[in-house]
Amino acid sequence: MPKELSILVLCPVVSRGGGERLLRNLIPAISRHPDSVMVHLLGPQGEVARCFKGVDIISGGKLKLTELQSNSFKEWLKTEGRVWGIRGTGRLKRHIYNLFYGDYDRQRIRKQLRYLSRDCDLIYNFWPHHCFWPFPDFGKPVVCTFQDTTAFDFPEIMGIRRTKEELEKARIWLQNSDQIVAPSAFVKENLIRIFGKFCESAVIINHAISPDLPEKRNLKPKGSLAKHAPSRYIMLFTN
């Protein structure tokens with residue numbers, strides 16, 4: 001393995017909120033690491049540009065952002081939710097996508113992933129959740145960060161059928177990755193409980209990304225809050 005790494009980062013889904021914030025902080029930080037020679041982020045059409053809009057990326061030209069081009073109608077078919085609130089239309093959308101576009105789309109994406117990974121040393125899947133991209137078994141080491149397991153413990157969130165589908169997709173990524181990364185001991189324990197002992201090798205890398213810009217981190221609390229808050233504190237918004 002070369003000392004200086006060229007990394008292809010896959011982000012099949014840009015999750016609004018915390019996932020998006022982590023992405024736009026973590027990826028430029030990886031590109032600024034002295035041992036990374038190039039970081040190439042690949043994400044869905046329209047989402048990568050939106051996520052990094054207004055972000056000052058100082059990476060010495062070592063960061064490349066690419067959007068995977070797709071048909072807007074096909075993307076709509078893959079989205080969650082019913083049509084006009086009518087029951088059963090969410091399943092109908094997925095059925096139409098799988099029937100007319102699924103296999104073709106997966107083969108098209110696989111070809112693009114193979115082409116884009118030809119010069120990289122490492123493939124890193126930042127967000128394998130709800131991932132319809134095929135596993136990149138191209139002879140390159142694959143690292144996968146599994147961010148959250150909540151949906152597997154509460155199948156009512158997605159429904160039994162969809163939860164089972166997501167479990168099988170996640171199992172493919174976890175079993176075939178050369179290294180699994182978990183953001184906390186809690187998530188690692190859940191991975192072992194849900195998927196099995198092979199997840200015991202997961203490495204824990206805690207997420208500690210500030211939700212704001214560096215110049216705003218020293219702002220003092222105002223009003224009544226200032227009377228009760230300690231001089232140094234962290235506000236954590238989570239589920």
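In the predicted model, the charged end of Arg118 lies over the ring of Tyr115, at 3.9 Å from the ring centre. Together with Phe195, Phe146 and Phe152 make up one aromatic cluster.

Phe195 also belongs to helix α7, which spans residues 185-195. The buried residues in this helix are Val187, Lys188, Asn190, Leu191 and Phe195. Their arrangement follows from the geometry of the helix. An α-helix has 3.6 residues a turn, so residues three or four places apart point the same way. In α7, the buried residues Val187, Lys188, Asn190, Leu191 and Phe195 cover an arc of only 160° around the axis, and therefore lie on the same side of the helix. The face turned away from this buried side carries Phe186, Glu189 and Arg193, which are exposed. Cover for the buried residues of α7 is provided by elements including the helices α5 (150-153) and α6 (160-176) and the strands β6 (179-182) and β7 (203-204). Gly196 follows α7 and has a positive phi, near 120°.

A search of the whole structure for disulfides gives zero. Two cysteines illustrate the distances involved. For Cys11, the closest cysteine sulfur is that of Cys51, and the separation of 7.5 Å is too far for a bond; a disulfide requires the sulfur atoms to be within 2.5 Å. Cys11 is buried, with a relative accessibility of 1%. For Cys199, the closest cysteine sulfur belongs to Cys144, at 9.6 Å, which is also too far for a bond. Cys199 is buried as well, with a relative accessibility of 0%.

Ser15 is placed in the loop that lies between strand β1 (5-10) and helix α1 (18-31). With a relative accessibility of 23%, Ser15 is partly exposed, because the cut-off for a buried residue is under 20%. When neighbours within four places in sequence are set aside, Ser15 is in contact with Glu20 and Trp127. Ser15 and Glu47 are 32 residues apart along the chain, and their C-alpha atoms are separated by 9.4 Å.

Over the protein as a whole, the secondary structure consists of eight helices and seven strands. Of the 239 residues, 38% are buried. Among contacts between residues at least 6 apart in sequence, 62% join residues at least 24 apart. The accessible surface comes to about 14800 Å², and carbon and sulfur atoms account for 56% of that area.

Definitions and conventions:
Residues numbered from 1 in each chain as written. Predicted model: local features only at pLDDT ≥ 70, side-chain atom pairs only at ≥ 80, totals over all residues. Heavy atoms only, no water. Helix = DSSP H or I, 4+ residues; strand = E, 2+ residues; numbered from the N terminus. Buried < 20%, exposed > 50% of the residue type's maximum accessible area, 1.4 Å probe, protein only. Contact = heavy atoms within 4.5 Å. Areas by Shrake-Rupley, 256 points an atom, 1.4 Å probe, with all protein chains shown as cover. Phe/Tyr/Trp six-rings, centres within 6.5 Å; stacked < 30°, edge-to-face > 60°. Lys NZ or Arg CZ within 6 Å of the ring centre and 35° of its normal. Arc of directions from axis to C-beta.
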